[in-house]
Structures are given as C-alpha cells and as structure tokens.
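Biologist: I would like to learn how to read a model like this one. Could we go through it feature by feature?

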Amino acid sequence: MSSFAPASLDSDALAVRLRQLAGEERNVQVDFLLHLDEFDRRRAFVEAGHASLWAYCLKVLHLREGAAGRRIQAMRVLRRFPRLEAPLRDGRVCLSTVTLLGQVFTEENVDDLLCRAAYRTRAEVEHLVASIQARAAPRAGIRKLPEREPAQASAALPLTAPEAGGERAEPSEGAPAAPMPASPTDGASPATREVRSERPRRRSETVAVTESHWSLRVTLDRACKEDLETLRCLLSHKIPDGDLAAVLHEAIRCAIEKHGKRKGAVAPERKTKRPEPTAAASPEPTSTIPAIVRRAVWKRDGGRCAWVGPDGCRCSSRWKLELDHIQPVALGGPSTIDNLRLACRAHNLLHAERTFGREHMERFRRDLAEGTTPQERAGVAPLRPVLQLGMWAQ
C-alpha cells in the first residue's frame with residue numbers, strides 16, 4: 001500500500017498510480033476467478049452449507065446479484081478457454097465482454113475474436129456477437145406500461161416478517177435474485193413510502209440483433225406517443241404499412257436537416273431558377289391549393305376524415321388523408337375552405353366514383369398507372385375529374 005495520500009501527489013504521479021492500481025485490480029480479479037473455479041470444481045460450497053455457488057457468493061462473499069452473475073459466468077468461460085487469462089490481466093477484455101463472447105467462442109475462432117474485441121466497449125462487442133450469431137429482434141410496436149401504483153396501495157400488501165417463519169427462496173444458480181419487497185411501515189415516513197412506490201424509469205437502450213440491425217427500446221410519455229401516431233398517419237402515403245422504424249428514420253432525417261442547417265452541419269440545397277415561360281407555351285391548368293387554405297381545412301376538420309355516412313356517423317380516420325373537393329375541380333369546383341374537406345383515401349375514391357361513375361374511375365386510375373391519359377395521347381387537354389386525389393401523397 002502506498003504511503004502517499006492521493007491529494008499529496010501531482011497529476012503526473014497520480015496518473016501513474018492510477019494505471020498501477022488498474023493493473024493490480026485486474027490481476028486480483030483474475031486470481032479471484034481462478035480461485036472461484038477451483039472452489040466450484042470441488043463443490044466446496046456444499047461443504048460450507050450452501051446449495052449453490054450463487055448462494056455462497058451472495059451470503060458469504062457478500063457480492064450483489066449482478067456482480068456474482070458476471071463473475072460466475074466469466075469463470076466458466078475462462079474454464080473453457082484458459083488462454084483468456086492473459087487478455088483479462090492486461091485489460092484487452094473484461095468480465096462483461098468475456099461473458100458476451102462466451103456465447104460464440106469456439107476453439108477455432110477464440111483467437112480471432114479476441115483480436116477483434118480487444119479494448120472494445122460493451123456495445124461494440126454486442127454488435128460483434130450479433131454479427132456472428134444473430135438474435136431474434138423483438139417485434140416493432142408500442143405497448144402501454146402498467147400505471148404506477150399509488151403509495152397507499154402498498155399498505156395493503158401482505159408483509160413477510162422474519163418471525164412469521166417465511167424464508168426467502170434461493171434463486172437458481174446464475175439467475176438474478178428477486179428483490180425483497182420493503183415493508184411500507186418499517187419506520188418510514190409517508191414521503192419515503194411514496195418514493196419507494198415510484199418505479200425506476202427504464203433507460204433507453206440500443207441492442208445489436210444482427211451485423212446491420214439494432215433493436216431500440218425506449219419509454220415514451222403520452223404526449224410523445226400521440227405525436228408519433230400523428231406522424232405515422234401523416235406519412236401514411238409515403239409509408240403505407242406504417243413501419244415504425246421507417247417512420248422514425250424519416251423523422252430523424254428531417255430533424256438532422258433542420259438542425260444541421262441551423263448549426264452549419266448540413267449544407268443548404270441550391271435553389272435552381274425556373275425557366276421563364278415563353279409566349280408559345282400555354283400554361284397548364286393547375287389545382288394548387290394555397291397553404292393557408294390547407295391549414296384552415298385541417299384545423300376545421302381536426303386532422304381527421306370528415307366523411308359522414310347516412311346514419312350520421314363520421315369516419316374520423318387519420319390514415320392516408322387527402323384534400324377532397326366537395327364539388328370537383330372538373331365540374332368547376334373552387335379550391336376554397338367551404339368547398340374542401342379532409343377525406344381518407346377510401347372515402348375520396350368513393351366520392352369520385354359516385355360523381356363520375358365507377359367504370360370511369362377505374363379507367364382513369366388505369367391510365368394514371370400507365371403514365372398518360374387517352375386525351376393526352378391524342379394531344380387534347382386532359383380532363384382530370386379527380387386531380388385532387390393523392391394531393392398529399394408525396
């Protein structure tokens with residue numbers, strides 16, 4: 001032990017001492033694993049009166065569940081591959097990374113994986129393991145977390161008192177032990193009991209599942225979840241299946257573009273000048289709806305389909321919304337607030353079929369799929385009875 005207090009050392013000496021202590025700590029850690037291995041081989045924990053090595057680590061060595069689990073797993077990997085001792089001592093790998101690599105270690109690849117995992121972070125090693133042995137990614141979706149219980153509800157839970165003869169069950173070896181519920185009346189104030197009843201906020205994490213894919217787990221509040229659902233609906237034309245990963249990627253790209261331009265990380269796009277119209281070229285008819293009109297219609301209809309059925313029931317869908325002219329443009333309908341409404345794709349098409357006939361609309365959609373209409377192929381100005389369809393499909 002050094003006779004110098006840390007405060008008495010200058011920064012250079014302190015850095016040297018820290019490196020020395022880190023090396024000593026790793027050596028002690030490896031020695032601990034080697035002793036733990038021999039102790040396990042002899043099953044000496046049984047002679048000491050314990051049913052498992054896990055119980056011995058918790059009750060006698062006073063390790064916590066996570067620390068005991070990491071050391072037991074790392075010890076078993078070291079038992080299989082004794083050549084890991086040197087990398088553990090010099091810091092190329094640690095207990096956590098050895099535990100992860102133990103899932104994919106073989107006699108053939110152990111040396112190669114040690115080189116690739118040397119001095120890597122846990123996240124980088126997880127990615128390496130996933131690139132060798134892909135794991136099943138959880139299905140994309142959103143689920144509601146259980147509500148936090150109020151502090152008063154904890155008082156109704158049955159108490160497990162030591163004098164009642166109830167003994168805590170030992171966990172299986174290598175499995176984390178379930179925490180004992182604290183008694184809400186053991187001398188704790190109401191404020192303390194309320195804090196205990198609060199569940200810890202789950203930390204966001206990104207876990208590699210294959211070499212090129214990651215699983216993201218994050219907890220959202222109600223407002224963020226509603227905003228996410230709104231974005232999925234707004235992108236329903238561009239992302240028809242509502243894939244959550246694609247929606248998040250689109251949102252991230254938009255945010256990078258917005259904030260990147262503000263901070264100078266993204267170069268603004270160069271605006272190209274439009275060619276001046278010539279006298280010979282006749283301007284094509286347009287049904288462009290002013291942005292102020294779009295916003296007014298959206299606000300009035302609440303961002304939902306305004307179609308009302310014969311029974312007075314409103315559709316109110318938010319999926320694939322489009323601007324629908326009540327009196328179609330082809331029949332002289334203006335692009336005004338009173339003549340516009342929000343309609344989902346299904347009701348927009350239904351309105352067009354009722355106005356122009358189903359056969360005509362099917363022919364119109366078929367011509368659009370081919371790229372031109374019969375009138376355009378004949379050199380005649382096209383009649384577009386449902387030019388408003390797909391107005392927001394970009």
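Modeller: Gladly! This is a predicted model, so local features need pLDDT of at least 70 and side-chain atom pairs count only at pLDDT 80 or more, while totals for chains, interfaces and linings use all residues. Residues are numbered from 1 along each chain as its sequence is written, and side-chain values use heavy atoms, with hydrogens and water left out.

Biologist: Which residues touch the most other members of the largest nonpolar core?

Modeller: A nonpolar core is a set of buried Ala, Val, Leu, Ile, Met, Phe, Trp, Tyr and Cys residues joined through side-chain atoms within 4.5 Å. Buried means under 20% relative accessible area, exposed over 50%, and partly exposed in between (1.4 Å probe, protein chains only). Here the largest core has 33 residues, and Leu-84, Leu-101 and Phe-105 touch the most other members. Among the helices that each supply at least two residues are H1 (11-41), H4 (65-80) and H8 (122-132). H4 gives the most, with six residues. Helices and strands are DSSP runs numbered from the N terminus (helices H or I, at least four residues; strands E, at least two).

Biologist: What does Leu-84 touch?

Modeller: Contact means heavy atoms within 4.5 Å. Not counting residues up to four places away in sequence, Leu-84 touches Val-77, Leu-78, Val-98, Phe-105 and Leu-114. A second, separate core of 11 residues includes Cys-305 and Leu-342.

Biologist: How many bridges join strand S1 to strand S2?

Modeller: Two strands pair if DSSP finds at least two bridges between them. S1 (residues 205-208) and S2 (residues 214-217) run antiparallel and are joined by four bridges. Ala-208 has Trp-214 as its bridge partner in S2, and five residues lie between the two strands of this hairpin.

Biologist: Where is Arg-318, and is it buried or partly exposed?

Modeller: Arg-318 sits in the loop between helix H12 (291-301) and strand S3 (321-325). Its relative accessible area is 24%, so Arg-318 counts as partly exposed. Leaving aside neighbours within four places in sequence, Arg-318 contacts Glu-229, Thr-230, Cys-233, Gly-303 and Arg-304. Arg-318 and Glu-229 are 89 residues apart along the chain, with their C-alpha atoms separated by 9.5 Å.

Biologist: And where does Leu-220 lie?

Modeller: Leu-220 lies in the loop between S2 and helix H10 (222-234). Leu-220 is partly exposed because its relative accessible area is 33%.
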